[in-house]
Amino acid sequence: MPLLKRITRLFGDEGDAADGTAVDREAADRESVGPSHVCQSCGKEYFENPTMNIRTCGNCGGVKVERV
Ligand SMILES: [Zn+2]
């Protein structure tokens with residue numbers, strides 16, 4: 001999914017948690033500076049609280065989601 005499109009969609013609908021990740025206003029604010037986590041297996045980018053640990057990727061199920 002194109003990153004820009006995803007950001008626009010998230011800003012337009014903060015209640016969208018279709019991928020299983022919670023999106024709150026605090027996380028949305030961070031989208032302007034880039035993702036907080038990236039899956040090392042499939043490259044999926046997450047925009048979450050940087051202190052949060054993402055154990056498994058909601059996209060590919062991989063366990064190598066690392067903070068960036
Ligand atoms: Zn992944």
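The chain holds 2 helices and 3 strands, where helices (H or I, at least four residues) and strands (E, at least two) are DSSP runs numbered from the N terminus. This is a predicted model, in which local features need pLDDT of at least 70 and side-chain atom pairs count only at pLDDT 80 or more, while totals for chains, interfaces and linings use all residues. Residues are numbered from 1 along each chain as its sequence is written. Going along the sequence, the pattern reads α-α-β-β-β.

The 3 strands make an open, antiparallel sheet in the order β2-β1-β3, with two strands counted as paired if DSSP finds at least two bridges between them. That leaves β2 and β3 as the edge strands, each pairing on one side only. Strand β1 (residues 37-39) is tied to β3 by 3 bridges, and the two run antiparallel. Here His37 sits opposite Arg67 in β3.

As for burial, 13% of the 68 residues count as buried; that label takes 20 or more other C-beta atoms within 10 Å of a residue's own, against 12 or fewer for exposed and in between for partly exposed, with C-beta atoms placed from the backbone.

Now for a loop residue. Met52 lies between β2 (45-46) and β3 (65-67), and is partly exposed because 13 other C-beta atoms lie within 10 Å. Its C-alpha atom is 9.1 Å from that of Ser36, 16 residues away along the chain.
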